[in-house]
Structures are given as C-alpha cells and as structure tokens.
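Work through the exercises below with the sequence and the model side by side. Each task is followed by a solution in steps.

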Amino acid sequence: MDLIHPGSVLAGAPELSVVVPCYNERANVAPLVAALDAALEGLRWEAVFVDDDSPDGTAAEVRRVGAADSRIRCIRRLRRRGLASAVIEGALSSSAAYVAVIDGDLQHDETRLPEMLATLRGGGCDIVVGSRHVSGGDATGLAGAWRHLLSDFGIRVAQAILPVRLTDPMSGFFMLERRLFESLAPSLTGHGFKILLDLLLAAPSGLRVREIPVRFRERAAGESKLDALVLTQFAGLLLDKALHGLVPLRFIAFAAVGAVGVLVHLTVLAAAGRWAGLGFHDAQTLATIVAMVANFQLNNQITYRDQRLRGARLWRGLLLFMLVCGLGAIANIGIATVLYRGHTTWPLAGAAGAVIGVVWNYAVSATLVWRR
Ligand code: GDD
Ligand code: MN
C-alpha cells in the first residue's frame, strides 16, 4: 500500500511564503489576509506573521484567522523588537521555494506579488524589489514632507555604499528564492529597519536586482513605528558595514552613551553647585547618580533596544548596572593612579583609566545586566 496519500503531494511546501513583520497591526491582519487571498489566487502560498508580542494582541488575531486557514502562521517573539530580525526569523521558518516580504499595514501593493514571482521565475535576476521610484511607482503614501526628505536622504546614503544600482534600496517589499535568503542569512546584521539593504550588503559579489514599480499606499490603521531610534539604528547599520564588523556595534553605542553620560554629569554638577548651592561632595554624588540612571536608560532604550528590560527586571537591572559601573569607576581610578605614579602624564593616565572603565562596564553589563 502506498503510504503517501495521493493528496499529500499537493499539501507539500507552498511555492511562496509571504513574510509579514508586524507590531500593533491587529486591525490590519484580516484585511491583509483577504487581500493576499485575492491577489495570489491559483498559487500555493502561506503567510508568516512575525509579531514581537504586540500589546494590541496582533498575535492572537493572527491565530484566530489561522484557526480557519492553515496557510496563516504566526511567530510570536518575546522580549524582542526589530523589523529586520523579525523578517529573518520569518523567512528562515519557511520551506517554500520563494519568500516575499511585505508590510503588515496594507501600505504595499500585494497585487504586484504574482508579477514579482513571474519575474524571478523568468530568470536573470536574484531579487525583485517593489520600487516607489521607478516610473509608474509612487511614494505619496509616505506620511508628511519630513518623511519624504528623510527617505530621499537615506536612499542617497544607501546608494553610495551599495555595490548595485537601484532606485529604492529602502523598500521593505521584495521577493527572492528562499535558498538564496538562507545562504545570505548568516551574514545579515539583523539590525534595525532596513532588511533589504542588509541583504544587498551581505551578498559578496552583489545580487542581480530587478525593480518593478509599486504604489505606496496610505497606512490603513494603526501608526508607523519609524522613529528617531530606528534612524539611529540605520546609522549603526551603515557604521557596522564601514568598520567591516571589527568593533561590535553595541560597544560603539555603549561608549557613545557613556560620552553623553559625561555631559549629563558635568551639567548636573554645575547646576547643583551653582543653583542648588550644594557642596562639591554632595553635588558630585548627585551628578554621579543622575548620570548612571541616564546611562542605564539610554543603554536600555538604544544599545539594548532589542532586549529592553521592563518591569521588575528594569529595577534589578538598574541596581546591577550601578554596581557594575561603581566597580568600573574604582578600576578606572586605580589604573590611572598606578600609571600616574609610574610617571605617565596626567592626560594619558586619565585616558587609560577611562578606557579600562568603559571596557569593564561594557563587558560586565553585557553579561550581567542585559544577559540573554
Ligand atoms: N515584528 C516587528 N517588530 N514588526 C515591526 C517592528 C518591530 O519592531 N517595527 C515595525 N514593524 C512592522 C510594522 O508593523 C509594519 O507591518 C512594517 O513593519 C513596517 O513598519 P511601519 O512602521 O509601517 O513602517 P513605515 O511605513 O514607516 O516604513 C515603510 O517605509 C520604509 C521605507 O521608507 C516600510 O515599508 C518599510 O519596510 C520601508 O523600509
Ligand atoms: Mn507602514
């Protein structure tokens, strides 16, 4: 007897997995599934929603829709945030021949998916990108003039560093062979918003890109998640590429936050001395505490945005962070004093102490405070 049910050949892996990163998109899930269903008629497809535990219950909504439709899957990630890393996990969960990435807010035109697939199947290119900037495309859905400006600036920067020409390297709407994605995945940084850029930079000999025009629609419901922090991460992605990954990006962010902390410290010190009339000792103590709390918050929001501490873990983290930095300060002063006694100049001894302090703080807080 044949163990394979005749129908099971058809029930194999889908031809196309549509990966949908989503955060607080509850109201858009069912309309997007309906739109995909209409656009992909006749194809074997699935949709993988990758949700970062949205407070609005997006994951539950995907499961509700999935309960009636086995083509709809949900990956719910806990204590993580990030568009690019969500896309990576969704794509790696697929067994389909092709993977597409589309926003979960109906801003991308899903009716272009069959054309994208046909283009890939036609050969001659590795990745098809939905572009707002080739003729026939349209970016009017971008909310406001400043988004247009920002988007144009980002495109210029990206074009300058990319090995291939394309008009819309910031697009979040594209399709490629799953096997190609898998081969590039180990080289992806997974930072921030720009997964397409990440992919294009990860291919050692460059990808053959084909762009097709798309209209960028207005957002249907909910709001955009692009903010100043996301832009900082974009800058980080570029910096990481420029440094060829030699210095960990987190360390750079951590050190930059430390520099801000010095400014906070000096400002509080001056203010407490001048306006609050505190003595040097009290003012210095206050400044140290304020700077530590500020640094902790900034590191939690920026350096470790993807594994941000919350609730009780936030307070525990703050306490640990202050302890770690306190020890770092002792190491800093200790080294600097030893060097100074050994006839090193003032600035050199001071700088050496500060470097030791920063490296200590970074290494220890990475393993103790923001431990995975
Ligand atoms: N899982 C997950 N985690 N999804 C996220 C996260 C996150 O941290 N942040 C955003 N998303 C999801 C959103 O829910 C949405 O489905 C999609 O990613 C795009 O996010 P939006 O916040 O809607 O982005 P946008 O409209 O400002 O940006 C669009 O334009 C960019 C180019 O200017 C998107 O199309 C981007 O993909 C595109 O790069
Ligand atoms: Mn959007």
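**Exercise 1. Find the residue with a positive phi just after α11, then describe the helix itself.**

Step 1. Helices (H or I, at least four residues) and strands (E, at least two) are DSSP runs, numbered from the N terminus.

Step 2. This is a predicted model, in which local features need pLDDT of at least 70, side-chain atom pairs count only at pLDDT 80 or more, and totals for chains, interfaces and linings use all residues. Residues are numbered from 1 along each chain as its sequence is written, chains are lettered from A and ligands numbered from 1 in the order in which they are written, and side-chain values use heavy atoms, with hydrogens and water left out.

Step 3. Helix α11 covers residues 311–341, 31 residues in total, and its first and last C-alpha atoms are 45 Å apart, close to the 45 Å expected at 1.5 Å a residue. The expected span is 1.5 Å times one less than the number of residues.

Step 4. Buried in α11 are Leu314, Gly317, Leu318, Phe321, Val324, Cys325, Gly328 and Ala336. Buried means under 20% relative accessible area, exposed over 50%, and partly exposed in between (1.4 Å probe, protein chains only).

Step 5. These buried residues of α11 pack against α9 (249–274), α10 (280–303) and α12 (346–368). A contact here means heavy atoms within 4.5 Å.

**Exercise 2. Where are Arg79 and Leu106 found, and is each buried or exposed?**

Step 1. Most residues other than glycine have a negative phi. Arg79 has a positive phi of about 50°, and Leu106 has one of about 65°; neither is a glycine.

Step 2. Arg79 is in the loop between β3 (72–76) and α3. Its relative accessible area is 60%, so Arg79 is exposed.

Step 3. Leu106 is in the loop between β4 (98–101) and α4 (113–121). With a relative accessible area of 13%, Leu106 is buried.

Step 4. Leaving out residues up to four places away in sequence, Leu106 touches Asn28, Pro31, Leu32, Arg217 and Ala220.

Step 5. Leu278 is 172 residues from Leu106 along the chain, and their C-alpha atoms are separated by 57 Å.

**Exercise 3. Which protein donors does the manganese ion (ligand 2) have?**

Step 1. Donors are N, O and S atoms within 2.8 Å of the metal (3.2 Å for Na, K and Ca); water is not among the atoms, so sites may look incomplete.

Step 2. The protein donors are Asp105 (OD) and Gln107 (OE1), at 1.9 to 2.0 Å from the ion.

Step 3. Asp105 is buried at 3% relative accessibility, and Gln107 is buried at 9%.

**Exercise 4. Describe the surroundings of ligand 1, then follow Arg132 into the protein.**

Step 1. There are 26 residues around ligand 1, of which Glu25, Arg81, Asp103, Met170 and Lys225 come nearest. A residue counts as near if one of its heavy atoms lies within 4 Å.

Step 2. Oxygen atoms of ligand 1 lie 2.9 Å from a backbone N or O atom of Gly82, 3.3 Å from a polar side-chain atom of Arg132 and 2.7 Å from a side-chain N or O atom of Arg219.

Step 3. Ligand 1 exposes 730 Å² when taken alone, and the protein buries 97% of that. Accessible areas come from the Shrake-Rupley method with a 1.4 Å probe; for residues, only the protein chains shown count as cover.

Step 4. The elements giving two or more residues to the shell around ligand 1 are β1 (16–22) and α3 (83–92).

Step 5. Arg132 sits in the loop between β5 (127–131) and α5 (145–161). At 10% relative accessibility, Arg132 is buried.

Step 6. The side chains of Arg132 and Asp168 are joined by a polar contact of 2.7 Å. A polar contact is a pair of N or O atoms within 3.5 Å; within protein, one must be able to donate a hydrogen and the other to accept it, and residues adjacent in sequence count only if both atoms are side-chain atoms.
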